[in-house]
Amino acid sequence: MAHPTQLGFQDAASPVMEELLHFHDHALMIVFLISTLVLYIIIAMVSTKLTNKYILDSQEIEIVWTILPAVILVLIALPSLRILYLMDEINDPHLTIKAMGHQWYWSYEYTDYENLGFDSYMVPTQDLTPGQFRLLETDHRMVIPMESPIRVLVSAEDVLHSWAVPSLGVKMDAVPGRLNQTAFIASRPGVFYGQCSEICGANHSFMPIVVEAVPLEYFENWSSLMLEDA
């Protein structure tokens, strides 16, 4: 998860987020090179009184500064479009979960099971145990099997919400009356935190999302216990 003074993204926990991190570094390097070139040109123009009459009116330079930005845009657009299609790709999900946004909590329904669903509320500060994170911990986590394609159906019952988990590279708007879907694969076990990313009212900051990725056998034991309690 994020920590104080962090400048970059959270560590990737899914293949799509790894691709997003690589694209971020790729685009940032291009921006850095462009900024360095522009800064050098500005310093060179300000610090010397010499002028080159061939630069003042040069067709070759005009051709270069027209074609070069187009090439740079293509180098940015191609990997961006590739990742965009990867994020929308949903192939044979092993598990489907419906996440419903409410004011101000989330409810989860495991649609592959008959009676497996629960509400997920934020744990109040006074009830936190050592090691739990303030404003991020919930009383019921969304448990998923790791290394399995997970499809999440996202909607809302009252106002706009947004189901977002940064380390998994997932962010999907929850719109009343509309069913949106997204997918991800947790590439390693762990607990991943997110929050509603749409300003949804007074308690917008108090409806966190906690996704716990566990090995398949642990997920089967958890689902069996949840069905027994139901």
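Pro145 stands opposite Val214 of strand β10 in this predicted model. The two strands concerned, β4 (residues 142-145) and β10, run parallel and are joined by four bridges. Strands count as paired if DSSP finds at least two bridges between them. Strands (E, at least two residues) and helices (H or I, at least four) are DSSP runs, numbered from the N terminus. Residue numbers start from 1 along each chain as its sequence is written.

Strand β10 (residues 208-214) also pairs with β9 (residues 190-196). Here the sense is antiparallel, over six bridges. Gln195 has Pro208 of β10 as its bridge partner. Six of the seven residues of β10 are buried, that is, under 20% relative accessible area (1.4 Å probe, protein chains only), with exposed set at over 50% and partly exposed in between.

Helix α4 (residues 216-229) has 14 residues, and its end C-alpha atoms lie 20 Å apart. Phe219, Trp222, Ser223 and Met226 of α4 are buried. Seen down the helix axis, the buried residues fall within an arc of 100°, so they line one face of α4. The arc is that of the directions from the axis to the C-beta atoms. Glu217, Leu225 and Glu228 are exposed on the other side of α4. The buried residues of α4 pack against β1 (95-102), β2 (105-110), β3 (117-120), β4 and β10, with contact meaning heavy atoms within 4.5 Å.

Local features need pLDDT of at least 70 and side-chain atom pairs pLDDT 80 or more, whereas totals for chains, interfaces and linings use all residues; side-chain values use heavy atoms, without hydrogens and water.

Conventions: Expected span 1.5 Å × (residues − 1).
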